[in-house]
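Dear colleague,

I am handing over the structure below for you to look at. My notes on its domains and its nonpolar cores follow.

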Amino acid sequence: MQEENKEPKRKLSLTGLKRLLSLLKFMWPKRWAFFGGLGALVISSLGTLAFPMLLGDLLDAANPEASLSRINQIALILLIIFAVNAVFSYFRIYLFAIVTQFMLARLRQTTYNQLIRLPMAFFSARRVGELNSRITADIAILQETFTFTIAQFIRQLITIIGGISLLTLISFKLTLFMLAFVPLVAIGARVFGKKVRNLSKDAQSQVAASNVIVEETLQGISNVKAFSNELYESSRYFNATNEVIRIALKGAKWRALFISLIVFSLFTSIVGVIWFGVYLVNQGAGISSGDLFKFILYTLFIGASISGMADLYSQVQKAIGATDSLLDILEEETEPETMAECKDKVQLKGNLSFKHVSFAYPSRPGVQVLDGIDFDVKTGQKIALVGASGAGKTTITALLFRFYEPDSGTIYLDDIPAKKISLNCLRKQMAIVPQEVLLFGGTIYENIAYGNTEATALQVEEAALKANALEFINSFPDGFQTIVGERGVQLSGGQKQRIAIARAILRDPKILVLDEATSALDTASESQVQQALNTLMIGRTSIIIAHRLSTIREADRILVIDKGKIVESGSHEELLARDNGKYLALQQMAV
Ligand SMILES: Nc1ncnc2c1ncn2[C@@H]1O[C@H](COP(=O)(O)OP(=O)(O)O)[C@@H](O)[C@H]1O
Ligand SMILES: [Mg+2]
C-alpha cells in the first residue's frame with residue numbers, strides 16, 4: 001500500500017468539489033437508476049431510524065398493564081420495516097452499481113481515447129507507469145467515492161439530522177446533555193485513529209521497501225553471486241526488516257493507547273447519558289425507561305455517523321486529488337483528426353522536401369536538435385541518412401510523421417505543406433520499419449494485419465510472402481495463428497523485422513522510413529531482411545537510416561548529418577571521392 005502515501009491530496013476547495021461533481025456528467029445517461037437508488041437509500045435510512053423508536057416502545061410494553069395486541073402490533077411493524085428495508089437495500093445496492101459501473105467504464109473509455117490521441121510531446125514528458133495509474137488507481141478511487149461515499153454521506157446526514165430531531169422529541173434536556181460531549185468523543189476517536197492508521201501505513205511501506213530488496217536480489221541473483229555480495233545483501237535485508245519491527249511496535253503502542261482510551265471514553269459517555277437519563281426518569285420528567293433505551297440507541301447511531309463523516313471528508317479529499325490528475329489529462333489538447341476518416345483524400349505521390357527545418361524537443365527547448373535541414377526527394381527515390389548516433393536522423397523522420405512540428409521551416413509533401421494535410425491522411429500513406437520492432441501480444445496474423453486492419457487473409461499472406469516471412473511462419477505448428485510476445489513464441493530479431501516489413505507492405509505506403517532496420521541483425525538474417533526490404537522499397541519514396549555500407553550504397557543520394565545539420569550530400573561514390581570527407585571517416589569507422 002505504498003501507493004496510498006503518494007496519492008495527491010488536495011484541499012477540500014469549492015473548485016475541487018465542483019470538478020469532482022463535474023464527473024457526474026458521465027453517469028447522466030443512467031440518471032434514473034441514480035435517482036431510484038437515492039430514493040431507496042432515503043427510505044432504507046428512514047427505516048433504520050424508526051428501529052430504535054419502535055424497540056423502545058416494545059420495551060415500554062414490557063409491563064403487566066400493557067395489552068398483548070399492542071405488543072404484537074409493535075413487533076409486526078418492526079418486522080414489516082425490516083422487510084421493506086431489505087427490499088430497498090437490494091435496489092439501492094443494485095441501482096448504484098449500475099450507475100457506477102456505467103460511469104467508470106465511460107470514464108475509462110474517455111481517458112483512454114484521450115491518452116492515445118495526445119501528441120508525442122505529452123508522452124516524452126511523462127512516465128508510462130504514471131499514466132497507467134491514472135486509468136487504474138485514480139479511477140478506482142473515484143469508484144469508491146461514487147459507490148460508497150455519496151451513499152454513506154446521505155445516509156449519515158439523515159441519521160444525524162433525523163436522530164437529533166427525534167431525540168429532541170423524547171427529551172430536549174437530555175439531547176443537549178448528549179450533544180455537549182458525544183460529538184467530541186466521536187471526532188476525537190477519528191483524529192486519533194488517523195494517526196494510528198498513518199503509522200501502520202508507514203509500517204506497510206517499510207515492509208514493501210524490504211520486499212523490494214528481495215525482489216531485486218532474486219531477479220539479479222547471478223549478479224549478487226558473481227560479486228559475491230551475499231553478505232552485503234543479507235545485512236541490507238536484516239536492517240530493513242528490523243526497521244519494520246521498530247515502526248510496527250511504535251504503531252502498536254499508539255494503537256493500544258487508542259483502543260483503551262476510546263473504550264474508556266465511549267463507555268464513560270454512555271454511562272454519563274444513562275446517568276443523566278435515569279436522573280430525569282427519577283425526577284418524573286416524563287421519560288420512561290423505553291425512552292431511555294431509545295435515547296441510548298440513537299446516541300450510538302449519531303456518534304457513529306459523526307465519526308463516519310470525518311472519514312468521508314478524507315475520502316472526498318482523495319477523490320478530488322484523483323479528479324484533478326484525471327482532468328489534467330482530459331483537458332490536454334489532443335492531436336486533431338487522428339480518430340477520424342481521411343476526409344481531404346490527399347493522395348500523395350511521394351515527393352518530399354524539407355525547407356530550412358529547425359527543431360528542438362519541447363522537453364529540452366535549449367538544445368537545437370535540427371538546424372536548417374534542407375533536402376528534396378522525388379517519387380520513388382531512395383535517400384539515406386547517415387551520421388553519428390545522436391546526430392538527429394530519427395528526429396528528421398519524427399517530424400515527417402508529424403509527431404512534432406518544426407520550430408521553423410516547412411516540410412512539403414508534393415508541394416503541400418505537411419501541416420495542411422490532416423494527420424490521419426498523412427500517416428496512412430507512410431510506414432516505418434524501426435530498429436526495435438514491437439510486436440503486440442497476439443497472433444502473427446494480427447501483428448501483420450496491424451498495418452492495414454481492413455486487409456483480407458489473402459493480402460496478409462501475400463505480404464508475409466513478399467517479406468520473406470512465410471517460410472518461418474509456416475514452420476510453426478499454429479502458422480499465422482501462433483501467439484507471439486510475452487506469453488507466446490519469442491521471435492528472433494530477424495523474424496520480428498520481417499513481420500514489421502510485412503506490416504509495412506500491407507500498408508502500401510507512398511513514403512517509407514527504415515530506421516536502422518537491419519543494424520541489430522547478424523549477417524545471415526540481414527541478407528534475408530535486406531531482400532525483403534528491397535521488395536518493400538520498390539515504387540516508394542524511401543528514407544533509409546543505416547550505418548552499414550551495403551544498405552546505403554544503392555541510395556540515390558546520401559545525406560551526412562552531424563549535430564543537426566546536413567554536412568555532406570551526394571552519391572556513395574561522390575562522397576567517398578572527397579578528401580577528408582565526413583562520409584569517408586564514418587565508413588572507415590564502421591569497417
Ligand atoms: N523525445 C526526445 N526528447 C528530447 N530529446 C530527444 C528526444 N529524442 C531524441 N532526443 C535528442 O535529440 C538528439 C537527436 O536524437 P536522434 O534524432 O534520435 O538521433 P539519431 O537518430 O541520429 O541517433 C539527441 O541528442 C537526443 O538525445
Ligand atoms: Mg536514431
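Predicted model: local features only at pLDDT ≥ 70, side-chain atom pairs only at ≥ 80, totals over all residues.

Residues are numbered from 1 along each chain as its sequence is written.

The assignment gives domain 1 (9-170 + 309-336), domain 2 (172-286) and domain 3 (352-590). The centres of domain 1 and domain 2, taken over C-alpha atoms, are separated by 26 Å. To their contact (C-beta atoms, placed from the backbone, within 7 Å), domain 1 brings five residues and domain 2 four residues. On the side of domain 1 that touches domain 2, two or more residues come from each of helix H6 (128-170) and helix H10 (289-330), helices being DSSP runs of H or I with at least four residues, numbered from the N terminus. H6 gives the most to that side, with three residues.

As for nonpolar cores, these are sets of buried Ala, Val, Leu, Ile, Met, Phe, Trp, Tyr and Cys residues joined through C-beta atoms within 7 Å, where buried requires 20 or more other C-beta atoms within 10 Å of a residue's own, placed from the backbone. The largest has 68 residues, and those with the most contacts inside it include Ala384 and Ile558. Helix H16 (residues 493-507) gives the most to this core, with seven residues. Neighbours within four places in sequence aside, Ala384 is in contact with Ile544, Ala546, Ile552, Ala555 and Ile558. A second, separate core of 21 residues includes Phe26, Leu95, Phe96 and Phe146.

Best regards

Technical notes. Chains lettered and ligands numbered in written order. Buried ≥ 20, exposed ≤ 12 C-beta atoms within 10 Å, placed from the backbone. Contact = placed C-beta atoms within 7 Å. Domains from an automatic or database assignment.
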